[in-house]
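Biologist: I would like to go through this model with you. Please set each label against its rule.

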Amino acid sequence: MTFEEYMESKVPGYKSLFPEEVLPILKKDFDLKESYRLAREKAMDMALNHNTSGIDYTTTIQKNMDNENRYSMILESKIEQIKQQLGIVEEEKETTSHK
């Protein structure tokens with residue numbers, strides 16, 4: 001998933017809604033999150049498919065997962081703060097119950 005796809009999934013039309021100066025900041029956090037995701041996936045691949053020497057990748061996988069989650073939360077928090085500052089409110093999805 002690209003930064004643009006990610007942002008569009010979070011805030012449809014974000015390019016016209018968000019100030020241009022915040023986009024590089026959000027992209028940096030997205031790129032960090034993605035780099036940790038890729039590192040985690042590579043470590044998992046090494047552990048599962050290429051581990052002929054019996055190396056334990058558990059710590060590497062866990063550290064990358066923790067950092068990926070941390071940057072994901074940071075990114076989500078920044079997006080929510082910007083939405084609040086701009087007064088962007090998500091419409092509640094109405095659910096119908098049948099009684």
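Biologist: What pattern does the protein follow, read along the sequence?

Modeller: The pattern is α-α-α-α. The secondary structure comes to four helices and zero strands. Helices (H or I, at least four residues) and strands (E, at least two) are DSSP runs, numbered from the N terminus. This is a predicted model, where local features need pLDDT of at least 70, side-chain atom pairs count only at pLDDT 80 or more, and totals for chains, interfaces and linings use all residues. Residues are numbered from 1 along each chain as its sequence is written, and side-chain values use heavy atoms, with hydrogens and water left out.

Biologist: What makes Phe3 and Tyr14 an aromatic pair, and of which kind?

Modeller: Rings of Phe, Tyr and Trp (its six-membered ring) pair if their centres lie within 6.5 Å; planes under 30 degrees apart count as stacked, over 60 as edge-to-face and the rest as tilted. By this rule the count comes to four aromatic pairs. The ring centres of Phe3 and Tyr14 are 6.3 Å apart and the planes stand at 80°, so this pair is edge-to-face. Phe3 lies in helix 1 and Tyr14 in helix 2 (residues 14-17), so the pair ties together parts eleven residues apart in sequence. Phe3, Tyr6, Tyr14 and Phe30 form one aromatic cluster.

Biologist: How do you know that the charged end of Lys33 sits over the ring of Tyr6?

Modeller: The rule asks for NZ of Lys or CZ of Arg within 6 Å of the ring centre and within 35 degrees of the ring normal. The charged end of Lys33 is 5.5 Å from the centre of the Tyr6 ring and counts as sitting over it.

Biologist: What makes Glu76 and Lys10 a salt bridge?

Modeller: A salt bridge is a side-chain nitrogen of Lys or Arg within 4 Å of a carboxyl oxygen of Asp or Glu. For Glu76 and Lys10, the closest N and O atoms are 2.9 Å apart. The pair links distant parts of the chain: Glu76 in helix 4 and Lys10 in helix 1, 66 residues apart. Glu76 has a relative accessible area of 27%, so Glu76 is partly exposed. Lys10, at 31%, also counts as partly exposed.

Biologist: Which salt bridge does Lys83 make, and how are its partners placed?

Modeller: The side chains of Lys83 and Glu80 meet at 3.3 Å, N to O. They are three residues apart in helix 4, so about one helical turn separates them. Lys83 is buried, because its relative accessible area is 3%. Glu80 is partly exposed, because its value is 35%.

Biologist: How many salt bridges are there in the whole structure?

Modeller: A search finds eight. Lys33, Glu34, Arg37 and Glu41 are linked in a network of them.

Biologist: What makes up the largest nonpolar core?

Modeller: A nonpolar core is a set of buried Ala, Val, Leu, Ile, Met, Phe, Trp, Tyr and Cys residues joined through side-chain atoms within 4.5 Å. The largest has 13 residues, and Met7, Phe18, Leu26 and Ile79 have the most contacts inside it. Helix 1 (3-10), helix 3 (23-49) and helix 4 (58-86) each give two or more residues to this core.

Note on methods
Buried means under 20% relative accessible area, exposed over 50%, partly exposed in between (1.4 Å probe, protein chains only).
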